[in-house]
Amino acid sequence: MNPKVLISGSTGQLGQELFLIKDLFHNYDLLFFDRNAWNISNADQTKALILEHRPTFIINCAAFTAVDLAEDQADQAFLINSEAVKTLADYCHEYNIFLIHISTDYVFHGTNAIALKENSIKNPQGIYAKSKSLGEDYIIDSKCMHIILRTSWVYSQFGNNFVKTMLRLGATRKELAVVNDQNGCPTHAASIALFIAYLLQHYKLETLQEKAGIYHYSDSNPTNWFEFANKIFEIAAMDVKVNAISTVEFNAKAPRPLFSILDTQKLQNTFNYKIHDWDLE
Ligand SMILES: NC(=O)c1ccc[n+]([C@@H]2O[C@H](COP(=O)([O-])OP(=O)(O)OC[C@H]3O[C@@H](n4cnc5c(N)ncnc54)[C@H](OP(=O)(O)O)[C@@H]3O)[C@@H](O)[C@H]2O)c1
């Protein structure tokens with residue numbers, strides 16, 4: 001019998017990209033659960049699924065990701081991004097399950113221009129950021145086997161993301177205002193999914209256990225949202241004028257980190273993995 005991998009949040013960007021490449025996970029049985037089949041904030045359901053399937057890995061793709069909405073729904077954000085993650089991590093520890101969890105560049109809020117390492121000082125601002133940061137802390141405290149992948153600026157053909165927003169707005173407007181003072185690396189959800197497949201194909205559980213910890217994964221080649229928007233319209237051959245504005249002018253409800261560039265060297269060196277530029281066509 002193949003070892004099992006339970007995947008939560010299967011209808012999200014990462015969940016769906018993992019589903020697309022499920023055949024790359026040789027010798028594993030992947031089981032995908034949407035929010036109805038597995039609500040991670042339901043501890044009884046989490047335990048029942050673990051006892052039913054006895055998985056070797058859990059990949060937690062479930063999260064409350066609506067950054068601005070989180071400011072109004074703090075209870076929900078902390079319930080899903082912190083408390084449910086604590087429950088998951090505690091069960092992973094109890095039942096010897098390796099947890100692969102996804103976290104975010106938002107745990108940082110620096111403005112200095114040095115790529116952020118795994119041990120850079122966290123400074124989460126806003127509810128989403130704080131709830132994700134606490135989720136990380138709970139995983140570490142639980143002592144479960146884990147890899148926490150911090151990533152940034154995720155997009156894909158699925159769900160809600162910046163690329164889809166630009167294409168939607170660009171279809172009806174000739175001009176758009178986009179912030180040019182937030183720096184980061186756009187990351188295709190498919191490339192995160194491919195890295196996770198690579199991990200499970202190339203490393204035995206014991207080796208992963210030795211290498212457990214936090215890793216930064218983003219596609220390479222830093223940019224800002226203004227440049228990213230221009231690239232999107234260039235590739236889509238859409239004639240949309242993009243006007244640069246500042247974060248202060250844009251005035252989003254939740255604070256955004258101005259500098260989100262993640263240093264991915266630890267991951268690339270540890271796992272002998274080459275990350276590619278986001279804008280390779
Ligand atoms: N998107 C980004 O730019 C970004 C950047 C950095 C890090 N991340 C992290 O990367 C991970 C994956 O992000 P993503 O973009 O794939 O997210 P996403 O598209 O928003 O998907 C999140 C999924 O979680 C599900 N979900 C929400 N609450 C749940 C619950 N209580 N139980 C079970 N499922 C629940 C959602 O289902 P419903 O839709 O049915 O609610 C959805 O399928 C997240 O941990 C996120 O914090 C994302």
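**Exercise 1. Sort the residues of the shell around the ligand into nonpolar, polar and charged, then find where they come from.**

Solution. Start with the classes: 12 residues of the shell are nonpolar, 13 are polar and three are charged. The sorting counts Ala, Val, Leu, Ile, Met, Phe, Trp, Tyr, Cys and Pro as nonpolar, Asp, Glu, Lys and Arg as charged, and the others, Gly among them, as polar. Keep in mind that this is a predicted model: local features need pLDDT of at least 70 and side-chain atom pairs count only at pLDDT 80 or more, while totals for chains, interfaces and linings use all residues. Numbering runs from 1 along each chain as its sequence is written.

Next, pick out the nearest ones. Of the 28 residues around the ligand, those that come nearest are Gly9, Gly12, Gln13, Ala62 and Ala63. (A residue is near a molecule or strand if its C-beta atom, placed from the backbone, lies within 6 Å of it.)

Last, look at the elements. Helix 1 (13-20) and strand 4 (98-104) each give at least two residues to the shell, and helix 1 has the largest share, with three. Helices (H or I, at least four residues) and strands (E, at least two) are DSSP runs, numbered from the N terminus.

**Exercise 2. Work out the strand order of the open sheet and name its edge strands.**

Solution. Read across the six strands: the order is 2-1-3-4-5-10, and the pairing is parallel. Two strands pair if DSSP finds at least two bridges between them. Now the edges: strand 2 (29-32) and strand 10 (213-216) each pair on one side only. From one strand to the next, the twist averages 20 degrees.

Then zoom in on one end. Strand 5 (residues 146-151) pairs with strand 10 in the parallel sense, over four bridges. There, Arg150 stands opposite His216 in strand 10.

**Exercise 3. Describe how helix 4 and helix 5 pack.**

Solution. Step one is geometry. The axes of helix 4 (residues 74-94) and helix 5 (residues 127-142) come within 8 Å and cross at roughly 15 degrees. So helix 4 is roughly parallel to helix 5. Here axes are lines fitted to C-alpha atoms, for helices over the stretch in contact, and angles run from 0 to 180 degrees between N-to-C directions. As for the labels, angles under 35 degrees count as roughly parallel, over 145 as roughly antiparallel, 65 to 115 as roughly perpendicular and the rest as oblique.

Step two is handedness: helix 4 passes helix 5 in a right-handed crossing. (A crossing is left-handed if the near helix is turned anticlockwise from the far one by less than a right angle, and right-handed if clockwise.)

Step three is the contact itself. Among its residues are Phe78, Val85 and His93 of helix 4, and Tyr128, Leu134 and Tyr138 of helix 5. Two residues are in contact if their C-beta atoms, placed from the backbone, lie within 7 Å. The contact divides into 10 nonpolar, six polar and three charged residues.
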